[in-house]
Number of protein chains: 2
Amino acid sequence: MSKKVLDYLQNNHERLLNKLTEFLAIPSVSTSSVHKQDVVDAATFVADYLKEIGFDQVEIKKTKGHPLVYGEWLGAKSNVPTALFYGHYDVQPAEPLELWDSEPFKAEVRDGRLFARGSSDDKGQVFMQLAVFEAYMKTEGKLPVNIKVCIEGEEEIGSENLYEILADKKEQFSADFAVISDSGMVDNGQPTILYGLKGFTGLEITLHGPNADLHSGMYGGAVRNPLMAMAHLLSTMKDVDEVVQVAGFYDNVIPLDDAERQLIKDVPSEDFIQSTGVPETVSEKGYTAKEHTMARPTLEINGLFGGYQGEGTKTIIPSSATAKLTCRLVPGQNPDEIQELLIKHLENHIPSGVKLSVKREPLSAKAYKVDPNHPLIEKAAKSYEKAFGKEVVYVRMGGSIPVVEWIDAIYKIPVVLLGFGTPDDKLHSPNESFPLENFDKGMKTLVYYWQEVASCK
Amino acid sequence: MSKKVLDYLQNNHERLLNKLTEFLAIPSVSTSSVHKQDVVDAATFVADYLKEIGFDQVEIKKTKGHPLVYGEWLGAKSNVPTALFYGHYDVQPAEPLELWDSEPFKAEVRDGRLFARGSSDDKGQVFMQLAVFEAYMKTEGKLPVNIKVCIEGEEEIGSENLYEILADKKEQFSADFAVISDSGMVDNGQPTILYGLKGFTGLEITLHGPNADLHSGMYGGAVRNPLMAMAHLLSTMKDVDEVVQVAGFYDNVIPLDDAERQLIKDVPSEDFIQSTGVPETVSEKGYTAKEHTMARPTLEINGLFGGYQGEGTKTIIPSSATAKLTCRLVPGQNPDEIQELLIKHLENHIPSGVKLSVKREPLSAKAYKVDPNHPLIEKAAKSYEKAFGKEVVYVRMGGSIPVVEWIDAIYKIPVVLLGFGTPDDKLHSPNESFPLENFDKGMKTLVYYWQEVASCK
């Protein structure tokens, strides 16, 4: 049965790539209000495609923010399972534009890769699933399982309205398991079962000093410089050994056992120096870079600013300094508790002469871990291996997909992460791309997977 | 003789204020290339005014940057001295514009103050000198002393071309002493002899990490975050007691003796908390805020930036972090040596995993101190006291006027600082202003002073 489906995908390769290029051309940047209509256009693209494939009940659900696209095909036999497929059609901002080698919203093929914002995260991977559904419907006239599709437009801004929808529409969205294609493989050509994700929390903090910027000659020596105060405050949060110094931060972290350290050791390593250009890797004392990225919590400054940023010199003491902080969390850590610990630490370590204000990051998520021996996961491994011709590795990753935790919490169903990104994709950065080979092998994997899981009820 | 001159100033008060308003309306922001023509227009305003007063040899001297206005009046008897009057017609940027209560380049009188960028620093004070010259010429037909005028357009960007001109045109600019009106008084109505200024040096430093911004989930734990590295690095430069930790920084500082500490104690104190809005003052351990601002060296971060600064969250590890640093120096410290010490400190303390690049601030200046008992200073004190009706105080200040050190170094002549600003002027900040009372009393002081020093040859 899958031969016909695979042939269809091969025969329609160019047309599908052109259609994806249209999808990528819509600058659906969810964080910027300038792109509000573009986000709606991308939702419309997805809804139209679902209707074209033959999905029912297709609707563009309004939210307080950007819309969510729903559609379902429930024509399979009653003894086959229902899967909830989740993805997102919104993308990160493309800035800084000058660092792109081609237009971010005009997909271009170079060196076997498709370059465009969203090519990997997540429009490209959403499109692969839809194309596989199309191939099944056009060749077999049906899908192997019942499918509910939920493609949101707010993932890159913290899925602000998704939790409420998932909680409110439990009947409409209910399924036997969920599938998400918004993740990656540890190396090009290395099929990867992702069985754990990190949780997430964050803060924006501002230190307020003088009411206005001051002349550094007239006031230097009388007032605390908010930027220097910020440097002192931030440097108390993590030492140069990359150990977070916030009291209680590691208290509930489930320690890595030897078996898991071995599992991580067995994963082929990304050459971080080569892929990022850093002079050397740096990770938490006592842990390898691989262990730290995959399975230890992190604290990062995502942005920091205050004072004069223009050309030349402006001899001021700035009135304030602001830092954006986020943490990636591991199983055992409660994001709300960690947020409170961070605030407590800041309050306890703030230098004199400045006042602290804190904005809590509204998004938070617990870390997620699934049993790698679950039948749905085993079938994923089998499908990957068949498509890529190589044994899978089992990994945990540093990224956070809050929806995974929410589906787990609300629906109590397994979440299967079928991702095809690679370490070279430059997610969230200029020159995002996706290897064309993974479109083909990824779609093959999905064709096999839907067939495999038809028996999982 | 001065009665007629003072009457002239009083009778022409409104016309002169309108003329100053025209001068302040020219946005001669030297740091921004957008304002290149405005800077030229301000130079033209000064040159036209000098010609109108009756100055000779008036010229707008081209430089590699913004022009300098020269003019001279050498019609006094040969037994009276020649003074070089220096000022600047360029101003600081007005940004952030939204914090101004009235247009920065549309002078407005409120509460007895003239609000506009440059009203105090330094267009307003330059204009006072020119108005006094006008008053003398229109009433007496001559000035009490020979005057050479040098008004530059690059003070706010480090007087980049002034040193070369002063060194090249020694004959043209030569004088018996120099007068500068670009400083302030310690309190409203408190005439102040400024007998010392701080020196200056600076650096812009960047820490380079990954080649591009990275996804904080995928790379957090493998690479050093340049912003956190910057926080650590900056926090090593100055401790929370405001003591600079750069090795050698204080080595050549001439210590404050008890006499000078007493002198500083006697100066009426600015209420820093009231004037700046900080929750408390903070100064170097072992020194009062007054001692630190006036007579101890400082190190300040004037700007700091890296990563995402927009709305919401962008979960990246930024590729770089940049900080702008400047120091105010005291007698004994060599700015070039201090710059090297700073760089050495940074190189010795840079965390692993990032690379440092350094841009040296081109401007540097030694601190300046003049004998408060010099006859030219004594006559300044006498003139201030006559105009303001109050005994002068003698102070050193934290600001830097590199030209003072250059005139000292090149011409070996005393520099007299006749300034009329107040602590409430908000120099370099939104809502810069200058008290109208000081226009009147300041011009009186100048009228007296030029008459007093006519005998100083």
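Predicted model: local features only at pLDDT ≥ 70, side-chain atom pairs only at ≥ 80, totals over all residues.
Which residue of β11(B) stands opposite A:G307? Hold that one for a moment.

I'll talk about the interface of chain A and chain B.

Start with the totals. Chain A puts 83 residues into the contact, and chain B puts in 83 residues. Between them, the two chains bury about 7,500 Å². Carbon and sulfur atoms carry 54% of that area. On the chain A side, A:M228, A:N302 and A:K314 lose the most area to chain B. Together, those three residues make up 8% of what that side buries.

Now the polar part. The rule gives 43 residue pairs in polar contact across the interface, with both residues at pLDDT 80 or more. Which elements of chain A supply at least two residues each to the side that touches chain B? Among the helices, α7 (216–219), α8 (226–235), α10 (272–276) and α11 (289–295). Among the strands, β10 (214–215), β11 (298–307), β12 (316–317) and β13 (320–329). The top contributor is β11(A), with 9 residues. By class, that side of chain A has 36 polar, 30 nonpolar and 17 charged residues.

Salt bridges next. The rule finds 2 across this interface. Take A:E242, which forms one with B:R224. Their closest N and O atoms are 2.8 Å apart.

Back to the strands. β11(A) is joined to β11 of chain B, residues 298–307, by 5 bridges. The two strands run antiparallel. And the opening question: the residue of β11(B) opposite A:G307 is B:G303.

That's the interface. Over to you.

Methods
Residues numbered from 1 in each chain as written. Chains lettered and ligands numbered in written order. Heavy atoms only, no water. Contact = heavy atoms within 4.5 Å. Buried area = accessible area lost by both parts, 1.4 Å probe. Salt bridge = Lys/Arg side-chain N within 4 Å of Asp/Glu carboxyl O. Polar contact = N/O pair within 3.5 Å; in protein donor to acceptor, adjacent residues only side chain to side chain. Helix = DSSP H or I, 4+ residues; strand = E, 2+ residues; numbered from the N terminus. Nonpolar A, V, L, I, M, F, W, Y, C, P; charged D, E, K, R; others polar. Pairing = 2+ DSSP bridges.
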